[in-house]
Amino acid sequence: MSILNMQRITVIALLKYCKDILETLQRRGVVEIETYQLDDDDGVFERGDTAAYQSQYLRSSAVARQAAEIIHTYVPEKKGLLSSMSGRKPLSLAQYDALVADSQDILHTAYDIVSYQKNIEQNRLEIERYEAQKTAIEPWLSLDVPMTFTGTATTRAFIGSFPPNKTREMLLSELSEQTDVADMTDIEIISSDENRTYAFLLCPIGCADALSDAIKKLGFEYPPYSAPVSVRKRIKQIDQHISNRRGRILENEANIKSVSSSLSSLDFLEDYFVMKAERYQAFDHIILSDNTFALTGYITERDAPELSRYLEDTYDAEVELSPSDTDDTPVKLMNNRFAEPVESVLATYSYPIRHETDPTAVMAIFYYIFFGMMFSDAGYGIVMAGACGLLLLKFRNMEEGLRRAMKMFFWCGVSTTMWGLLFGSFFGDAVSVISNTFFHTAPPAIPGLVTPIWFNPVSDPMRMLMFSFLLGIIHLFTGLFIQAYNDIKHKEYLAILYDVVSWYLLVGGAILALLSLEMMEGIAGFVLPSVWLKIGGVMALIGAVLILFFSGRESENPIKRLLKGAYGLYGATGYLSDILSYSRLLALGLATGVIAQVFNQIGSMMGSSVIGVILFLIIFVVGHTLNIGINALGAYVHTNRLQFVEFFGKFYTGGGREFKPFKINTKHYTVKEDI
C-alpha cells in the first residue's frame, strides 16, 4: 500500500554508446524517458531526425509480419483453445544476440517469401484471365474458322451474337424487315444459351455496309475476345497456359513450405524491427552533440542504484539522480501479492496523485469480500478459483495484465467459496436435490454443503440486508479514515476534525439513534437501550454543527461560508443513499442462489429415470454455466461500482499519471535482462 518514490535521472555519455544505452534501457524497462528541454545557451546540442530510420524499420517489420502470415496460410499452425494465454516467449540475451546476428538473412528470407506469394497471386490472376477467355470463346467451339475471320475477296463475314432464343428463321425474318440484302445473307447458328444466340453471317462484299447497319438494330454484338486461330486450337493453348501457371503456383507454394521452419525467426524479426523503430523514436527525446548525448526521465528510487552503477561501469556514463516529487511526476504502485491484482481496477478509475495514499490494499480486502458475497456459492467459487489457479500454473509466461486479472478472480473465487460455505450454498441446493431425487433419501446435514455454517440469506433476507448495511458503513468509514490519514500526511490536523470526525459523529450518531428506536427491532432483530438515542442525537448534533460552520471554511465571506456549510450538511442524504447502495450485496447474493436452485429443480423434474439423469446432467451443466457467467459479471460490475462511487467518493482525488517506462513492446518475444 504505497507509491514508490521517483527520481529524476539524467544520463550523459559518448555518442558511440547511445544505441547500446538505449537498448539497455529498453530491455530493462525501468526508465520513463522524457523530452530533454534545450536551453537557449545549449548551442552545441541539437535534436536528431530519425523519421526515415523509423519508417525503414517499420517497413521491415511489416515485411516480416507479412511473410509470417503467408506461411500461416500454407502451413496452418495448430493452436490450443487457451494458446492466447501463453504470453510472449522469453529470450535470454545469448538467444537474442544470436537472432540479431542472423537478422539480415532472416530478412532476405522474408522478402523471398513475399516474392513467392506475389508470383502466386500473379499466376492466379493470369489463370483467371485465361479462364475468362476460355469462357468467352467456348460458345464458338463448333466454328470452323478463326474468330478473326472477316471474309474472302468477294464476301464479308460477321461473327457475333444476338439476343437469346433466336433461330435462323427468326433472324432472317427480322433482318428482311430491316434491309433488302437479307435474301443475299447466309446465317448459321453456332450455339445458343440463356444469355445470347451465337451466329455466323456471310454476305457479298457489296452488301456488307447495309447488313452491318441492319444487324446492329437487331442487337448484334461482336465477341469480347477473338482468337486468331480456330477456337478448338485456342482452347488447347489456353489449357496449356493454365496448366503451366498452376505448375508455377505449386512450385512457389513448395518454396514457401520449404522455409516454414523460419516462422519463429520471422516472428522475432517483426519484434526486433519494432524495437529498433521505438529506440530511434526515443532519439526524438534526447539531445546530441558531435561526440556526446544526453537523456533525462524518471526512474524509481528502488531501481536507480543498480542501473546507475551498470551505466557508469559499462559505458563510462555520467548519471545524475535527484528527487522528484512534483505533481507531474509519474506514479508507480507497489503492493503485496494479495492486493497487487486489484491495481488494474484502480487504474481503470484513475491513478492516485503523488501526495495521495494508495488505496489498493484496503480496497482489495473489501473488493474480495463484496464479490464473494454477491456470488456467494461455494461450488461456483471452487470452479472460479480452480480454473484461475490452473491457468496460472500452466501458463507461466502469461502477460502481466492477464496474470493480474487471473489472480484477482482467483482470490474472488476463494472469497466466493468461503461465503458460499457460510450461507450453505453449493451449486444452490444441488446436494439436497440430488440426494432426494436420485437416492430417495435426505442428505446428511453437512455444514456448508447442505446446511449453512452461519445462516441462509434466502430464508433470512433481513439478516443479510442488515449485515450488508453494516459492511457498507464499515466501508464508508474506512474511506473517511483514509482521508484522515491523508490529512495527517499533509499536516492538516484541523481538517481531520472538520471533514472526518464531523461525519463520523453525524452519521454514526444517526445510526445509533436509529438503532435505539423500537421499530428497528423487527428489522434489525435488536434494539439498543434508550440511552443511545440521546448519545446518538448529541453526536449527530455536534457533527452537524461542525459541518455547518466549517465545511465551507475556505470562504472568507461568513454568509458564503454558512451557505456552503448548509450545502455540505445536505450531503448527509448522500450518505444515506450510499448506505442503501450496499443492499445490492443482498440482491445479487439472492439472485445467484435462487437461480441456482431453480435450475436444480428444473433438472430434477423427470425423476430418477435414465432420461431424468441425462436431463439433469444437461440442465445442471448448461444452467449453472449460464448462472456463473451472468452473476460473475454482475458481481464484478457492482463491486467496482461500490469502490468507485461509494468508497472513493469519501477520500480519493486521483488524476495521477501512470509510470510508463521505455520498454520492449512486442507481440511474440520478450528479452530477459541478465542483472
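Start at the end of helix 14: the helix is followed by His440, whose phi is positive, near 55 degrees. Helices here are DSSP runs of H or I with at least four residues, and strands are runs of E with at least two, both numbered from the N terminus.

This is a predicted model, so local features need pLDDT of at least 70 and side-chain atom pairs count only at pLDDT 80 or more, while totals for chains, interfaces and linings use all residues. Residues are numbered from 1 along each chain as its sequence is written, and side-chain values use heavy atoms, with hydrogens and water left out.

Select helix 14 itself. Its buried residues are Ala430, Ser432, Val433, Ser435, Thr437 and Phe438. Buried means under 20% relative accessible area, exposed means over 50%, and partly exposed is in between (1.4 Å probe, protein chains only). The buried residues of helix 14 pack against helix 21 (584-603) and helix 22.

Next, select Phe427, in the loop between helix 13 (400-423) and helix 14 (430-438). Phe427 is not a glycine, yet has a positive phi of about 50 degrees. Is Phe427 buried or exposed? Phe427 counts as buried because its relative accessible area is 16%.

**Helix 22**

Go to Val610, which is in helix 22 (residues 610-647). With a relative accessible area of 64%, Val610 is exposed.

Select Thr300, in strand 9 (residues 292-300). Thr300 counts as buried because its relative accessibility is 0%. Its side chain makes a polar contact with the side chain of Asp303, at 2.8 Å. A polar contact is a pair of N or O atoms within 3.5 Å, where one must be able to donate a hydrogen and the other to accept it. Leaving aside neighbours within four places in sequence, Thr300 is in contact (heavy atoms within 4.5 Å) with Leu4, Asn5, Met6, Val30 and Lys332.

Finish at Asp316, in the loop between helix 9 (304-315) and strand 10 (318-324). Asp316 is not a glycine, but its phi is positive, about 55 degrees. Asp316 is exposed, with a relative accessible area of 67%.
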